[in-house]
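Good morning, and thank you for coming.

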Amino acid sequence: MESSEREELGSFLTAVPPVDFCCVYGSTLHPNNQDKSKMVDYILGVSDPMQWHSQNLKMNSHHYASWMVHLGGARLITEVADKVGVGVHFNPFVTWNDRKLKYGVVRMNDLVQDILDWNRFYLSGRLQKPLHLLVDNLDIEDVNSVNKRAALSAALLLLPSKFTEEDLYAKICSLSYMGDLRMLFAEDTNKVNKIVKGQFDLFQSMYKPFLQECETKNILRFSSAETNLVQDSSLSSSRSLVSSLPASVRSQMSKLLGEKKILSETGRVSREVCIGSREEAAKCMEKVMKRRVMVSSARQAVSGFLAAGAINATVYLSQKMRKAWNSRS
């Protein structure tokens with residue numbers, strides 16, 4: 001991203017209270033994107049959402065649904081995000097410097113927890129795709145390495161023994177859409193392929209160090225053939241991939257497949273998911289992730305409708321549905 005574009009996108013932060021984390025994502029990062037009419041998407045991480053919203057209401061009350069402002073203010077906004085949604089409050093259809101934007105506000109602790117453990121698999125899924133950091137006071141970029149490594153492991157578990165780099169990034173990208181209710185009626189069916197093709201170079205630079213790690217461990221190797229990636233599909237390799245998944249995912253898999261205790265040479269006892277075959281492990285993980293994404297997407301849809309207000313929510317949904325139906329025709 002050019003410095004002028006970065007400055008333009010970062011200028012919005014002067015209009016809101018200070019944040020600890022800010023990233024921009026979506027079609028804004030497409031190398032060939034020249035359409036300034038497209039909505040710019042931000043994620044803002046703050047230490048205390050209620051305090052932040054309280055300050056922002058004084059600065060930008062027009063960003064919020066009027067009923068929330070009048071009935072409960074910052075407390076209601078935060079409670080709806082936490083108890084109805086997945087901890088993120090979105091303000092869509094905001095205009096800044098003649099550009100439309102949408103920004104989500106999340107508690108930093110919740111952001112870190114989701115990145116590390118996929119407990120909601122909402123923002124963690126977003127951070128597995130290319131994004132541009134504008135503020136990172138707590139080094140979330142480093143924390144996100146755990147998330148990207150886990151995403152690569154999950155994608156490899158779902159892929160055959162031979163595949164292309166594009167297949168890999170498409171599978172990583174699709175993780176956060178498995179079970180997403182919006183994909184049934186309000187999302188472009190070609191969304192994953194469009195994201196990967198439009199940002200392929202960004203995916204490459206994002207996952208290069210983790211692919212090199214897999215090569216070092218002999219889990220993966222590059223081939224000169226058209227299908228340029230080959231992975232070890234053995235049971236031991238599959239176990240290694242599962243062990244790289246977040247603890248909450250492995251815990252759910254253990255409930256379905258069982259677990260066994262492993263005693264290390266140092267006397268430390270660890271638990272391992274019982275895996276009879278690679279296919280069994282892949283299907284089980286997919287089932288766990290679909291359930292998690294389905295619940296999160298449903299909760300966030302309700303929270304988003306309340307946060308945006310009926311008119312804005314209806315406009316936003318109609319735009320999404322129009323794009324979805326166009327992709328199906």
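Which residues does Ala-151 touch, not counting residues up to four places away in sequence? Ala-151 touches Trp-118, Gln-128, Ile-172, Leu-175 and Tyr-207, where contact means heavy atoms within 4.5 Å.

Before I continue, a word on the source. This is a predicted model, in which local features need pLDDT of at least 70 and side-chain atom pairs count only at pLDDT 80 or more, while totals for chains, interfaces and linings use all residues. Residues are numbered from 1 along each chain as its sequence is written, and side-chain values use heavy atoms, with hydrogens and water left out.

Of its 329 residues, 48% count as buried. Buried means under 20% relative accessible area, exposed means over 50%, and partly exposed lies in between, with a 1.4 Å probe and protein chains only. The chain exposes about 16,200 Å², and carbon and sulfur atoms supply 51% of that area. Accessible areas come from the Shrake-Rupley method with a 1.4 Å probe, and for residues only the protein chains shown count as cover. Among contacts with a separation of 6 or more, 68% are accounted for by residues 24 or more positions apart.

I return to Ala-151, which is placed in helix α7. Ala-151 is buried, because its relative accessible area is 0%. Its C-alpha atom is separated by 6.9 Å from that of Gln-128, 23 residues apart along the chain.

Trp-118, one of the residues that Ala-151 touches, is also touched by Arg-292. Arg-292 is found in helix α13, residues 278-308. The backbone oxygen of Trp-118 lies 2.8 Å from a polar atom of the Arg-292 side chain.

Next, the salt bridges themselves. Side chains of opposite charge can pair when their charged atoms come close. The structure holds 10 salt bridges. One of them joins Glu-213 and Arg-149, with the closest N and O atoms 2.9 Å apart. Glu-213 lies in helix α10 (residues 200-216) and Arg-149 in helix α7 (residues 140-158), so this pair ties together parts 64 residues apart in sequence. Glu-213 is partly exposed at 28% relative accessibility, and Arg-149 is partly exposed at 30%. In another salt bridge, Lys-260 pairs with Glu-272, the closest N and O atoms being 3.8 Å apart. Here Lys-260 is in strand β9 (residues 259-263) and Glu-272 in strand β10 (residues 269-273), 12 residues apart.

I close at the surface. Leu-181, Met-294 and Val-295 form a nonpolar patch there, with about 190 Å² of accessible area together. Patches are made of residues with over 30% relative accessible area and no salt bridge, with like charges joined within 9 Å and nonpolar side chains (Val, Leu, Ile, Met, Phe, Trp, Tyr) within 5 Å. Leu-181 is placed in the loop between α8 (165-174) and α9 (191-198). Thank you for your attention.

Methods:
Salt bridge = Lys/Arg side-chain N within 4 Å of Asp/Glu carboxyl O. Helix = DSSP H or I, 4+ residues; strand = E, 2+ residues; numbered from the N terminus. Polar contact = N/O pair within 3.5 Å; in protein donor to acceptor, adjacent residues only side chain to side chain.
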